[in-house]
Amino acid sequence: MTRPTLSRRSFLQACGAAGTALALPVTLGGCGTDPGVTIDGGDPLPVPPIDDGELIAGVRVFRLDLQAGTVDFGAGAPTATYGVNGAYLGPTLRFRRGERVRLEVTNSLAEPSTLHWHGMHVPAASDGGPYVMVAPGATWVTEYDVTQRPMTAWYHPHPMHQTGRQVYMGLAGVIYVEEPTPPADLPSTYGVDDLPLVIQDRRFFADGTHPYSGGATVAMHDMMAGLKGQTMLVNGAVQPRGVIARGLVRLRVLNGSNARAYHLGFADGRGFRLIASDGGLLEAPVTTSRVLVAPGERVELLVDFAGDATGATVALQSYSGEVFGALFTGQMGANLADGLDRATFDLATFEVGAPPPTTIVPPRSFAPIARLAEGDAARARQVTLAMGMGAVSINGTQMTDLTTVPAAISFDIPVGDVELWTITNTSGMAHPFHVHHRQFQVLDVDGAAPPAALAGWKDTVVIGPGQVVRLLLSFAGVADRAVPYMFHCHILEHEDHGMMGRFFLIPP
Ligand SMILES: [Cu+2]
């Protein structure tokens, strides 16, 4: 990869996360942070290799190697990276409902890590959270049954205090959960009319480094705002150009960024159908021209290119400025937002290629979703997300280590119970709230029924500044008093600095 054109954008970063009372060590000096280089994109869109595993005695076996590498992103010098079975990011794992999978995770890094299967319903010991670490040189083998409905999940490391850095280095990948035979009325030819798009922003410096290089911790401002950058990667390439089928195309978007939300739309204003959120298909496609996707969230879009001329191009953009007020409020929000949070910018460009293998006519509706009801809840919990005095918190406290977890953020939940969680955000910026192991339903947002995009199964949901969002969660699974699951903000710098809690599934 060569990209000769480098320039420094005069890019004023707001600075001013207030306060100095730190509950956890953070490097001071966020003011005047170097915004990094501007990199011209346009290289071909990479498509992660599809990995179907190997069927051994009825178990589908996947071998994943966490390894160090080097990638030239065009910053001016190569960047030291991490990847899974490669230098940056990892393969797309294809799981099939009804099968058993075995994950063999080898850690070839020089530091401990772990892999978490974000969105998957798995026993706690298989979940890959911070309580199940993989030492350097070790191989962690775990097995579980794939029981959930088809969806797009993903995997990423989850080590205590190190998740943001390790994901930023490049450890992440997509998981397709499919029926043994995918439905014929949705695009499903991988890499042709069914594409994963992993969107990440990065801040590169001219020497190829970034704020996490060399094991660094980020500056105070980047801890509070979450680490954001002005360089957009899609599937690991800077603002790439992808050739897509001249027909109906299914884009499975993962926001794999540490902190930045995107408000997706196309430069020519075309509409598309939002067909799935985190936990799979909605009850019906939602026709729209914009969709918000926050860190950790996935959305699936059907975009029709059948009417475009071969060779025509259209940019996928983020209309971030349109949602600025929904994601940032008050002085705190103004301080923690950056220029791109107020702007429209390109993520990738699609060039219309050959027609797809078959012409797809998508259904007008999908299977109904059985609704959980408030009356199903065995108990209610409050989860309050807050920021202030240079720290992030849940219920007034923080998760600072794995053993001394305050009761306010450590729950015991009997297997099989339904719970009503009220998530309140008292801060001036949005937090994508994620719960491990189970897909949940949004009961209401500030007292109103959720919009259609949030009415399906979710595992990560944006809690806007000042918002109150109520969730219904059904905790089926396997009791385990030794290994907990996590819930946390998916702004990874917030997670790493204690905006996290845990829950144990206990016997009923
Ligand atoms: Cu947060």
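This is a predicted model: local features need pLDDT of at least 70, side-chain atom pairs count only at pLDDT 80 or more; totals for chains, interfaces and linings use all residues.
The copper ion is held by three donor atoms, namely ND1 of H431, SG of C489 and ND1 of H494, at distances of 2.0 to 2.1 Å. Along the chain, these donors follow the spacing H-x57-C-x4-H. Two of the coordinating residues were examined for accessibility. C489 has a relative accessible area of 0% and therefore counts as buried. H494 likewise has a relative accessible area of 0% and is classed as buried, because the cut-off for this class is under 20%.

Open spaces were considered next. In terms of residue class, the lining of the largest pocket consists of 13 nonpolar, three polar and three charged residues. With regard to domains, at least three lining residues come from domain 2 (194-352), and at least three come from domain 3 (374-506).

The second largest pocket has a volume of about 340 Å³. Here the lining is made up of 20 residues, and those closest to the centre are P150, E179, P183, L186 and L281. Strand 12 (173-178), strand 17 (248-255) and strand 20 (280-288) each contribute at least two residues to the lining of this second pocket. The class composition of the lining is 11 nonpolar, one polar and eight charged residues. Because residues of both domain 1 (6-178) and domain 2 (194-352) take part in the lining, the second largest pocket lies between these two domains.

Across the whole structure, the search returned four cavities of 30 Å³ or more. The largest cavity holds about 130 Å³ of space. It is lined by 16 residues, among which A259, A261, L327, F328 and A430 are the closest to the centre. By class, the lining of the largest cavity contains 12 nonpolar residues, one polar residue and three charged residues. Domain 2 (194-352) and domain 3 (374-506) each supply at least three residues to the lining of this cavity. These two domains are also the ones that each give at least three residues to the lining of the largest pocket.

Two non-glycine residues with a positive phi angle were noted in loops. H161, which is not a glycine, has a phi of about 70°. This histidine belongs to the loop that connects strand 11 (151-156) with helix 1 (163-169). The relative accessible area of H161 is 32%, so this residue is partly exposed. Q239, also not a glycine, has a positive phi of about 30°. Its position is in the loop between strand 15 (237-238) and strand 16 (241-244). With a relative accessibility of 29%, Q239 is therefore partly exposed.

Note on methods: Residues are numbered from 1 along each chain as its sequence is written. Side-chain values use heavy atoms; hydrogens and water are left out. Ala, Val, Leu, Ile, Met, Phe, Trp, Tyr, Cys and Pro count as nonpolar, Asp, Glu, Lys and Arg as charged, and the others, Gly among them, as polar. Domain bounds come from an automatic or database domain assignment. On a 1 Å grid over the protein atoms alone, a cavity is a set of points where a 1.4 Å probe fits but cannot get out, and a pocket is an open set with protein on both sides within 12 Å along at least five of seven lines; lining residues have an atom within 4 Å of a point. Grid points are joined across faces, edges and corners, and a volume is the space filled by probe spheres set on the points. Helices (H or I, at least four residues) and strands (E, at least two) are DSSP runs, numbered from the N terminus. Buried means under 20% relative accessible area, exposed over 50%, partly exposed in between (1.4 Å probe, protein chains only). Donors are N, O and S atoms within 2.8 Å of the metal (3.2 Å for Na, K and Ca); water is not among the atoms, so sites may look incomplete.
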